[in-house]
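Biologist: I am new to reading protein models. Could you walk me through one, step by step?

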Amino acid sequence: VLAGVAGGLRDTPRCPAIGKVVDRAGRWWRPSLEIAWPGDEERYTVVGVDAPVCHAAEKPPLAAACRADLVDCESHAFAEWCDGRALPWAVCRAVSDGPGDSLPREVASWVDDRGRTRAARVAGSLVVRPWRIGVVRALGVRTRLALEALAERVSALVESAR
């Protein structure tokens with residue numbers, strides 16, 4: 001199970017149930033593990049891209065072109081890897097930035113390959129561009145709330161599997 005945050009391309013619940021993963025090339029995958037959140041009958045599509053979608057103006061064209069609700073940088077590679085090895089898989093995502101939210105371009109360098117925040121890089125970016133402090137604080141709050149909601153969902157999933 002791949003769990004983490006994603007950007008919202010459309011208005012969605014904070015932790016939407018993912019029913020399909022697509023990429024920009026038109027390839028798609030359906031999770032082999034069914035993760036049903038209580039009360040969530042609708043399934044959402046996440047498009048995997050190779051670099052973060054940072055500007056709000058980039059989100060509507062991507063949503064339309066890929067018929068996707070969310071965007072991230074990992075789901076497509078994860079789905080392809082698991083399917084290629086006949087491994088069961090699912091994707092759990094929580095929305096950290098909505099369709100109208102923009103992110104600083106350097107946001108990709110703020111997280112290491114294990115998903116941990118590189119505080120020194122964030123601080124360095126803010127020293128150079130202090131006017132972004134408010135944007136980064138708001139992103140931090142939204143991401144924290146998203147990860148808390150995701151943790152609740154994943155915990156419930158683990159409990160139901162026991």
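Predicted model: local features only at pLDDT ≥ 70, side-chain atom pairs only at ≥ 80, totals over all residues.

**Reading the fold**

Modeller: Gladly! Residues are numbered from 1 along each chain as its sequence is written, and side-chain values use heavy atoms, with hydrogens and water left out.

Biologist: Which elements does the chain contain, and in what order do they run?

Modeller: Helices (H or I, at least four residues) and strands (E, at least two) are DSSP runs, numbered from the N terminus. Here the chain has four helices and six strands, and from the N terminus on they run β-β-β-β-α-β-α-β-α-α.

Biologist: How do I read the strand order in the sheet?

Modeller: Two strands pair if DSSP finds at least two bridges between them. In this model, six strands form an open sheet in the order 3-2-4-5-1-6, with mixed pairing. Strand 3 (28-29) and strand 6 (91-97) stand at the edges with a single partner strand each, so one side of each has no neighbour in the sheet. Strand 2 (residues 18-23) and strand 4 (residues 44-48) run parallel, joined by five bridges; Lys-20, for example, has Thr-45 in strand 4 as its bridge partner.

Biologist: What makes up the largest nonpolar core?

Modeller: A nonpolar core is a set of buried Ala, Val, Leu, Ile, Met, Phe, Trp, Tyr and Cys residues joined through side-chain atoms within 4.5 Å. Buried means under 20% relative accessible area, exposed over 50%, and partly exposed in between (1.4 Å probe, protein chains only). The largest core here has twelve residues, including Ile-18, Trp-29, Val-46 and Cys-82. Strand 1, strand 2, helix 2 and strand 6 each give two or more residues to this core. Apart from it lies another core of ten residues, among them Val-47 and Cys-66.

Biologist: Which residues is Val-46 in contact with?

Modeller: Contact means heavy atoms within 4.5 Å. Leaving aside neighbours within four places in sequence, the contacts of Val-46 include Ile-18, Val-21, Leu-70 and Ser-75.

Biologist: And how much of the chain is buried?

Modeller: Buried residues make up 40% of the 162 residues.
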